[in-house]
Amino acid sequence: MYLALDYIDGPALDRVLRKVGAFSPRAVAYIGREMARALEAVHSLCEDEGQSYAVVHRDVSPSNIL
C-alpha cells in the first residue's frame, strides 16, 4: 500500500503564521471551514461498492495545512 500526494506549490500554514503573524477572526473562520470540508471529503471516501476506505487523518497541524 502507498500514498501518493499532489504537489502543492506554496508554504504551509505554520510558515505563513511565522511570516505574517496572527490572522483576522474572519481568516481563521475561513481556514477552519475549509479544513473541515477537506477532512469531511477525505473521511467519507468510498470504494465503488460503497465500502468506506476508513481514512483517518491523524496529524492535522499547521505544518500539514497547505
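Predicted model: local features only at pLDDT ≥ 70, side-chain atom pairs only at ≥ 80, totals over all residues.
## The largest pocket

Let's begin with empty space. Rolling a probe the size of a water molecule over the atoms shows where such space is left. In this model, the largest pocket holds about 1,000 Å³. Its lining is made up of 21 residues. Nearest the centre of the pocket are L5, L39, V42, H57 and N64.

What classes of residue line the largest pocket? The lining has 17 nonpolar residues, alongside 2 polar and 2 charged ones.

## Salt bridges

Side chains of opposite charge can pair when their charged atoms come close. The count for this model is 3 salt bridges.

One of them joins D14 to R18, with 3.7 Å between the closest N and O atoms. Both residues sit in helix α1, which covers residues 13-20, and because they are 4 residues apart there, about one helical turn separates them. R18 is exposed, at 62% relative accessibility; the cut-off for that label is over 50%.

Two salt bridges involve E34. With R33, the N to O distance is 3.3 Å; with R37, the N to O distance is 3.2 Å. E34 and R37 are 3 residues apart in helix α2 (residues 25-43), so about one helical turn lies between them. Through shared partners, the salt bridges link R33, E34 and R37 into one network.

## A nonpolar surface patch

Y53 belongs to the segment after α2, and its relative accessibility of 47% makes it partly exposed. L45 is also found in the segment after α2. With a relative accessible area of 42%, L45 is partly exposed.

## Spacing across the chain

L45 also gives a handy reference point for distances. From L45 to E34, the separation is 11 residues in sequence and 17 Å in space, C-alpha to C-alpha. L45 and L13 are 32 residues apart in sequence, and their C-alpha atoms are 25 Å apart.

Is L13 buried or exposed? L13 lies in helix α1, and at 13% relative accessibility it counts as buried, because the cut-off for that label is under 20%.

Finally, G21 is located in the loop between α1 and α2. Its relative accessible area of 27% makes G21 partly exposed. G21 and I65 are 44 residues apart in sequence, with 16 Å between their C-alpha atoms in space.

Key
Residues numbered from 1 in each chain as written. Heavy atoms only, no water. 1 Å grid on protein atoms, 1.4 Å probe; cavity = no way out; pocket = protein on both sides within 12 Å on 5 of 7 lines; lining within 4 Å. Points joined across faces, edges and corners; volume = space filled by probe spheres on them. Nonpolar A, V, L, I, M, F, W, Y, C, P; charged D, E, K, R; others polar. Salt bridge = Lys/Arg side-chain N within 4 Å of Asp/Glu carboxyl O. Helix = DSSP H or I, 4+ residues; strand = E, 2+ residues; numbered from the N terminus. Buried < 20%, exposed > 50% of the residue type's maximum accessible area, 1.4 Å probe, protein only.
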